[in-house]
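I opened this model to look up its fold, its core and its surface. My notes follow in the order I took them.

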Amino acid sequence: MRRITLGISTALGTAALATGALALAPTASAVDPTTATITADCGTFGSGSATLTATQDGTAATITLSSSAVKAPLDVPAGAVQSTLTLSKNGSETTTFTGSSNPAIPTGSDVSTGPLTGTVAAGDVLEAKSLKLVVFGFITVDCTATSAQSPGPFTF
């Protein structure tokens, strides 16, 4: 009888531990779509398409952006661009993703920036609206989306 009691207690204890581990495990998160495009106007710096790639890990999200809308007028070293991407949030608010993690950009190349970081909640719907790039701390490029995000907004 004692052996059966210990077996049942062990099984119950193992089940409780497994349930607790599942409750504490990070939730799997996915953003859809993971890649989208927009067309942007950057004033005297140019206009063209931009590709945005989003990732999510819980409430943390990143967006990397590359664009033919702006070409580097000179070599830009890694980390020299402070970027702020403004997105509409759930149709009535805005949120920003920021960062200065650009790769090195050779003269004449498309501008690339990111990952830009932000915070999201389950169900957030975000669509890119504008991008501000500050290069070397004093060259400012303001870009505005001139098309809707395709294939659609990011849903987290």
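Accessible areas here come from the Shrake-Rupley method with a 1.4 Å probe. The model is a predicted one. On that basis I looked up the accessible surface of the protein chain, which comes to about 8600 Å². Carbon and sulfur atoms hold 61% of that surface.

**Entry: fold.** I counted elements next. The protein chain has 1 helix and 9 strands. Along the sequence I read the pattern α-β-β-β-β-β-β-β-β-β. I then checked the contacts between residues at least 6 apart in sequence. Of these, 62% join residues at least 24 apart.

**Entry: core.** How much of the protein chain is buried? I found that buried residues make up 33% of its 156 residues. The largest nonpolar core has 33 residues. Inside this core, the residues with the most contacts are Leu52, Ile63, Leu85, Phe97, Phe154 and Phe156.

I left aside its neighbours within four places in sequence. Leucine 52 is then in contact with Thr34, Thr35, Ala36, Ile38, Ile63, Thr64, Leu65, Leu85, Ala128 and Phe154.

**Entry: aromatic pair.** I searched for ring pairs and found 1 in the structure. Phenylalanine 154 and phenylalanine 156 form the pair, with ring centres 6.4 Å apart and planes at 55°. Why do I log the pair as tilted? Planes under 30 degrees apart count as stacked and those over 60 as edge-to-face, so the 55° of this pair makes it tilted. Both partners are buried: phenylalanine 154 has 0% relative accessibility, and phenylalanine 156 has 9%.

**Entry: threonine 95.** I looked at strand β5 (residues 93–99), where threonine 95 lies. Is threonine 95 buried or exposed? The cut-off for buried is under 20% relative accessible area, so threonine 95 counts as buried at 15%. Beyond its neighbours within four places in sequence, threonine 95 is in contact with Leu85, Thr86, Leu87, Lys89 and Leu126.

**Entry: surface.** Which residues make the nonpolar surface patch of about 310 Å²? I listed Leu74, Phe136 and Phe138. I placed phenylalanine 138 in the loop between β7 (125–135) and β8 (139–145). Exposed means over 50% relative accessible area, so phenylalanine 138 qualifies with 63%.

How values were computed:
Residues are numbered from 1 along each chain as its sequence is written. This is a predicted model: local features need pLDDT of at least 70, side-chain atom pairs count only at pLDDT 80 or more; totals for chains, interfaces and linings use all residues. Side-chain values use heavy atoms; hydrogens and water are left out. Patches are made of residues with over 30% relative accessible area and no salt bridge: like charges are joined within 9 Å, nonpolar side chains (Val, Leu, Ile, Met, Phe, Trp, Tyr) within 5 Å. A salt bridge is a side-chain nitrogen of Lys or Arg within 4 Å of a carboxyl oxygen of Asp or Glu. Helices (H or I, at least four residues) and strands (E, at least two) are DSSP runs, numbered from the N terminus. Buried means under 20% relative accessible area, exposed over 50%, partly exposed in between (1.4 Å probe, protein chains only). Contact means heavy atoms within 4.5 Å. A nonpolar core is a set of buried Ala, Val, Leu, Ile, Met, Phe, Trp, Tyr and Cys residues joined through side-chain atoms within 4.5 Å. Rings of Phe, Tyr and Trp (its six-membered ring) pair if their centres lie within 6.5 Å; planes under 30 degrees apart count as stacked, over 60 as edge-to-face and the rest as tilted.
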